[in-house]
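Please look over the sequence and the model first.

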Amino acid sequence: MKTSPTSRYLTALFAVAAVATSSLTFSLVRAQEAPPEPEAPRILTEPLKLKAPLESSEVFGRSVQGRPLWAHVLGQGPEVTLVFAAVHGNEWATPYLVEQLRAHLKRHPEWLQGRRAVLVPVLNPDGLNRRSRVNARGVDINRNYPGTWRRPRRGEGFRPGAYPASEPETQAMIRLTNKYRPHKIVSIHQPLHCLAYSGARSRNLARAIARENGYRITSNIGYPTPGGFGAYCNSILKTAVVTLELPWQSPQAAWNRNARALLAAIMLPQPRG
Ligand SMILES: [Zn+2]
C-alpha cells in the first residue's frame, strides 16, 4: 500500500521533531552536567608573571611493558603539590580528574601564583590498558613501597612484589617525589568514597579537601595496606598525603564534585616536616 503525501509529511515532521527534542534533551543534560567553573582565588590581584612556559612535561620512568610515565609540571612557585592517579588500572575515573585539573590550571594560571603543581594522570599505564588493578607483572604498586612493605601472611591476598620498590612504576614515583620534594600529595583512587590521610601532618590537607567535596575523613580505611604510598610519605618522605577515594561514578561527575577540592589542595599552605 502506498503512503499518502500527508502521512509522508507527518512522518517527516515527527522525524524532525524527534531529532530536535533529542538534541534539546541532550543540550539540557549537557547544561546540567557542565562542571561549575571554580572562581579564581580572590586574594590574587596581580597577573601571574612567568619566566618560562606555564607547563613542562617529562617522562619520569617507564612501565614494565615500556609505556612512558608522564609528569606535567605547571607553574614555577616554591609551594609544590603532587597529584597523581591510575595507580590501580581498574579505577578508570581517576586519570580524568588529573587531566581536567591540568586543563583548568592551563586556562587559569592565576591559581599557580607562588605554586607549582606536578600532575601524573597515569602511574600504571599497563594496568589501565588491561583495566587491571595490578601492573603487568601482577604487582599492586600501592603495596610495593618501602617503609611498611611486607609479604602477605596466610589468608592475605595482596600482591606486594618480590621486595620493596621492585617495580619500575614504584621506583619512578620515588624518583619523582625525591626530585620535586612536594609539600603535599593527593593520590586519587576508587571506590571507597572517603579521604584517607596518613599521619597528623596530613590532617589539614584532608580537611581542606573535605570542605569542598564533603567526603568523610578517616585515618583508617578498614584493612591493612602494608607497602602503601601513604605510609611511605608519612614514614620516609615526611610529607602530607591524602588518598582521595572517589565512589564508583562517571569521570565527569567525579570532576564536578572534586574540581574545587583539588584546587583547595593546591592552594593550602603546607609547612614541610
Ligand atoms: Zn586504588
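The report below goes from the overall picture to the sheet, the helices and the core.

## Model and confidence

This is a predicted model: local features need pLDDT of at least 70, side-chain atom pairs count only at pLDDT 80 or more, and totals for chains, interfaces and linings use all residues. Residues are numbered from 1 along each chain as its sequence is written.

The pLDDT (the predictor's confidence in each residue, from 0 to 100) averages 86 for the protein, and 81% of the residues score at least 70. Two residues are in contact if their C-beta atoms, placed from the backbone, lie within 7 Å.

## Overall build

The protein has 7 helices and 8 strands. Helices (H or I, at least four residues) and strands (E, at least two) are DSSP runs, numbered from the N terminus. Of the 273 residues, 39% are buried. A residue is buried if 20 or more other C-beta atoms lie within 10 Å of its own, exposed if 12 or fewer, and partly exposed in between; C-beta atoms are placed from the backbone.

Among contacts with a separation of 6 or more, 74% join residues 24 or more positions apart.

## The sheet

The 8 strands form an open sheet with mixed pairing, in the order S1-S2-S4-S3-S5-S8-S6-S7. Strands pair if DSSP finds at least two bridges between them. S1 (55-62) and S7 are the edge strands, and each pairs on one side only.

S1 and S2 run antiparallel, joined by 7 bridges. Gly61 has Leu69 in S2 as its bridge partner. The two strands form a hairpin with 5 residues between them, and Gly66 in the turn has a positive phi of about 90°. S2 also runs antiparallel to S4, over 3 bridges. There, His72 stands opposite Leu119 in S4. S5 and S8 pair in the parallel sense, over 6 bridges. Ile188 stands opposite Leu244 in S8.

## Helices against the sheet

Helix H4 (residues 168-180) lies across S1, S2 (68-74), S3 (79-84) and S4 (115-120). H4 runs at about 140° to S1, an angle on a scale from 0 to 180 degrees between N-to-C directions, with axes fitted to C-alpha atoms, for helices over the stretch in contact.

Helix H5 (residues 203-213) buries Leu205, Ala206, Ala208 and Ile209. Seen down the axis of H5, these residues fall within an arc of 160°, so they line one face of the helix. The arc is that of the directions from the helix axis to the C-beta atoms. Their cover includes S5 (184-189), S6 (194-197), S7 (217-218), S8 (240-245) and helix H7 (251-267). Just after H5, Gly214 takes a positive phi of about 75°.

## The nonpolar core

A nonpolar core is a set of buried Ala, Val, Leu, Ile, Met, Phe, Trp, Tyr and Cys residues joined through C-beta atoms within 7 Å. The largest one holds 61 residues, and Ile209 and Leu262 touch the most other members. H7 gives the largest share of this core, 9 residues. Not counting residues up to four places away in sequence, Ile209 touches Leu195, Val242, Leu244, Ala261, Ala264 and Ala265.

Trp255 is found in H7. This residue is buried, with 21 other C-beta atoms within 10 Å. Trp255 and Ala93 are 162 residues apart in sequence, yet 8.7 Å apart in space, C-alpha to C-alpha.
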